[in-house]
Amino acid sequence: PGRVPGLTAGVIRGADLFGYVGIEAVLDQMRRKTMKAGFEFNIMVVGQSGLGKSTLVNTLFKSKVSRKSCTPNYEEKISKTVKLQSVSHVIEEKGVKMKLTVIDTPGFGDQINNENCWEPIVKYVNEQYEKYLKEELHVNRKRRIPDTRVHCCIYFLPATGHWLRPIDIEFMKRLGKIVSIVPVIAKADTLTIEERLEFKQRIRQDLAANGIRVYPQKEYDEDAEDRIVNDRIRESIPFAVVGTDKEHQVNGNKVLGRKTKWGIIEVENAAHCEFANLRDLLIRSHLQDLKDVTHNIHYETYRVRRLNESNMNFSELELSIRPLENGNGDKSESESHL
Amino acid sequence: MSSLLYRLPSPFPCASGCLPQCITNTWKNLREKEYVGFATLPNQVHRKSVKKGFDFTLMVAGESGLGKSTLVNSLFLTDLHKDRKLLNAEERISQTVEITKHTVDIEEKGVKLKLTIVDTPGFGDAVNNTECWRPITDYIDQQFEQYFRDESGLNRKNIQDNRVHCCLYFIPPFGHGLRPVDIEFMKALQDKVNVVPLISKADCLMPSEIKKLKERLREEIDKYGIKIYQFPDCDSDEDEEFKQQDRELKESTPFAVIGSNTVVEARGQRVRGRLYPWGIVEVENQSHCDFVKLRTMLIRTHMHDLKDITCDCHYENYRAQCIQTMTSKMNADKRVESPIPILPLSTPDVETEKLIKMKDEELRRMQQMLQKMQQQMHEQDL
């Protein structure tokens with residue numbers, strides 16, 4: 001009497017295949033679809049003027065994608081307020097297209113009084129979440145919601161060799177809650193290996209003491225395998241990087257490097273600096289994870305907070321005033337859906 | 001006549017215009033025949049100074065982590081900051097700029113130098129650095145005031161000169177030129193102390209970048225009218241080598257420096273340097289950085305000039321300003337004009353106050369006597 005015909009609630013058993021079915025071809029289909037659709041990746045760079053942000057981004061993506069390289073007559077001037085500017089490029093590799101957006105934050109930390117210089121950045125990050133939320137809540141929403149949310153924020157620390165500065169702590173405390181921060185030690189060719197290790201240790205201590213969580217966050221490790229990989233990363237952050245776009249000849253090979261009177265610093269040599277580790281993390285291994293964390297965790301946190309805030313007042317969300325087909329009936333339906 | 005001449009005391013430094021012609025002629029003959037000997041005066045001064053020793057106060061300013069302490073250690077081959085503890089960021093959030101002093105006595109080949117290093121931890125480290133140079137300018141002014149009091153006092157035998165003779169300002173190599181805090185700091189200090197800007201941690205810059213940054217800094221220093229310490233021009237009668245050195249020195253400012261606390265093995269020698277995986281930076285190698293130039297300028301050639309300019313320019317400016325404000329105040333109060341103004345001490349104790357009052361009374365009495373004498377002379381003339 002209660003049984004629905006055709007529906008058996010049973011235990012899911014593993015089945016051994018005795019022939020090739022072709023399930024794995026799904027992976028291929030996925031690949032082809034995503035390749036056609038392309039990826040979007042939004043990366044923000046934050047740090048004082050002169051820490052090599054533009055150079056690093058160009059080196060990471062092996063093309064001139066930074067704001068500096070794209071603005072004609074670019075002048076190195078310290079701007080009086082923090083103004084966020086973004087530049088987008090579509091880069092392609094082996095048939096895979098990526099729309100890369102680099103968000104720059106000139107003016108951060110450059111003034112004498114830097115109080116609240118992080119506020120425009122916090123505002124920007126939240127605005128992108130808001131945009132996405134509004135799109136998502138639309139009655140008629142686009143198939144692929146344009147994603148302008150910040151997937152990763154690289155924070156540049158000057159290579160002082162001492163501790164984190166107050167401005168570093170204030171920034172990372174506030175933004176660590178809403179975006180994935182990847183701190184790096186910029187222009188690290190001024191630290192010897194020992195100094196580098198000591199500096200990193202002190203930074204990690206400082207981060208722990210202030211409750212700052214940087215990417216990859218421990219709580220979001222999905223399984224033991226992830227944890228092993230991420231633990232290794234967590235033990236070596238922040239990465240000490242050196243960036244350049246110039247090539248030199250070393251032992252018959254062309255390498256990216258900085259040529260000084262006492263030697264050539266090879267950017268991609270793991271013994272010299274950790275640029276390769278950063279690139280692998282950001283691009284080769286964890287790019288999709290960064291996007292997932294942003295979507296599943298940061299964005300969801302924002303969404304829950306926003307929806308709870310506007311529980312009483314629906315109009316606060318400024319839902320589009322598109323005429324609903326069936327009057328009140330539909331409105332109550334969409335309310336319950338939320 | 002001739003016997004009189006031989007009884008005259010020598011040396012007689014007065015110009016020959018004061019003496020009658022016959023005497024000057026004989027003097028001239030004397031000079032050719034006998035060596036008078038006041039050409040040894042520089043040696044006498046030299047000997048006395050060696051006995052007395054020199055003192056030099058050097059201030060270092062700049063944000064944390066720019067290698068100030070390391071550079072000072074390298075310059076004077078000392079280890080002034082052995083037990084230094086680095087504050088962590090929590091302790092630093094509420095910290096204000098401090099002034100710390102370390103004094104060390106160095107001796108080389110019998111010449112004693114009492115070196116005082118004034119450090120400014122906390123400068124530029126906070127989130128809000130508005131007027132973070134105030135404690136530094138206050139300190140410099142305090143030293144001037146102290147010297148002014150001592151100089152105006154009655155016992156001037158053992159005046160201690162704590163005035164800051166030179167301020168090394170560390171500009172980070174990371175930027176593209178002067179930052180707002182750099183400009184404000186140097187402008188606040190340019191009239192109080194000799195400011196020598198340095199590019200710190202220069203081992204993270206390639207030669208082309210150093211050149212560009214130096215040009216940019218020189219341009220901006222000009223543009224904002226910042227008065228940094230200028231090397232005096234060398235005399236036209238110096239030899240060509242010295243002139244060449246001087247020219248090179250002037251063209252390579254601001255100096256790009258590297259410091260090191262460690263000795264490494266390079267090219268078969270033990271040198272002060274930094275060991276990297278890609279090479280060894282030698283602090284004293286002129287093609288690596290300008291450390292040698294800075295040391296030459298600071299210690300070997302221009303130390304005395306720095307002290308002179310501090311005494312003749314900066315201190316005199318302070319003194320004139322001080323006297324002006326005091327006299328204008330006194331005119332407002334309609335008190336007797338005294339050349340020794342009563343400066344407000346920061347924390348006077350009763351003893352010193354009494355002493356000062358006593359001395360002031362003495363001076364006033366002496367002044368009144370002087371005035372009376374002057375009046376008498378005036379009446380006599382009439």
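Reader: Where does A:Pro216 lie?

Author: Elements come first: helices (H or I, at least four residues) and strands (E, at least two) are DSSP runs, numbered from the N terminus. A:Pro216 lies in the loop between α6 and α7 of chain A. A cis peptide bond joins A:Tyr215 and A:Pro216, with omega about -5°. This is a predicted model: local features need pLDDT of at least 70, side-chain atom pairs count only at pLDDT 80 or more, and totals for chains, interfaces and linings use all residues. Residues are numbered from 1 along each chain as its sequence is written, chains are lettered from A and ligands numbered from 1 in the order in which they are written, and side-chain values use heavy atoms, with hydrogens and water left out.

Reader: Which residues does a cis peptide bond join in chain B?

Author: B:Thr253 and B:Pro254, with omega about -10°. B:Pro254 sits in the loop between α9 (240-251) and β6 (255-256) of chain B.

Reader: Back to chain A. Is A:Asn210 buried or exposed?

Author: A:Asn210 has 15% relative accessibility, so it counts as buried. A:Asn210 lies in the loop between α6 (193-209) and α7 (224-236) of chain A. From the C-alpha atom of A:Asn210 to that of A:Ile178 is 16 Å, and the two are 32 residues apart along the chain.

Reader: How many residues of helix α2 of chain A are buried?

Author: Eight of the nine residues of α2 (residues 53-61) are buried, so this helix is largely enclosed by the rest of the structure. Among them are A:Leu56, A:Val57, A:Leu60 and A:Phe61. Just after α2(A), A:Lys62 takes a positive phi of about 50°.

Reader: Which residue has a positive phi near 60°?

Author: A:Asn116, a residue other than glycine. A:Asn116 lies in the loop between β3 (96-104) and α4 (119-137) of chain A. With a relative accessible area of 38%, A:Asn116 is partly exposed. In chain B, B:Lys201 has a positive phi of about 45° and is not a glycine either. B:Lys201 sits in the loop between β5 (195-199) and α8 of chain B. B:Lys201 counts as buried, at 14% relative accessibility.

Reader: Which residue pairs with B:Arg216?

Author: B:Glu220, at 3.2 Å from N to O. B:Glu220 and B:Arg216 are four residues apart in helix α8 (residues 207-223) of chain B, so about one helical turn separates them. B:Glu220 is buried, at 8% relative accessibility. B:Arg216 is partly exposed, at 26%. Salt bridges can also share partners: A:Lys62, A:Glu268, A:Arg279, A:Asp280 and A:Arg284 are joined this way into one network.

Reader: What is the volume of the largest cavity?

Author: On a 1 Å grid over the protein atoms alone, a cavity is a set of points where a 1.4 Å probe fits but cannot get out; lining residues have an atom within 4 Å of a point. Grid points are joined across faces, edges and corners, and a volume is the space filled by probe spheres set on the points. The structure holds one cavity of 30 Å³ or more. The largest holds about 160 Å³ of space. Of its 16 lining residues, the closest to the centre are A:Gln48, A:Asn114, B:Glu63, B:Gly124 and B:Asn129.

Conventions
Buried means under 20% relative accessible area, exposed over 50%, partly exposed in between (1.4 Å probe, protein chains only). A salt bridge is a side-chain nitrogen of Lys or Arg within 4 Å of a carboxyl oxygen of Asp or Glu. On a 1 Å grid over the protein atoms alone, a cavity is a set of points where a 1.4 Å probe fits but cannot get out, and a pocket is an open set with protein on both sides within 12 Å along at least five of seven lines; lining residues have an atom within 4 Å of a point.
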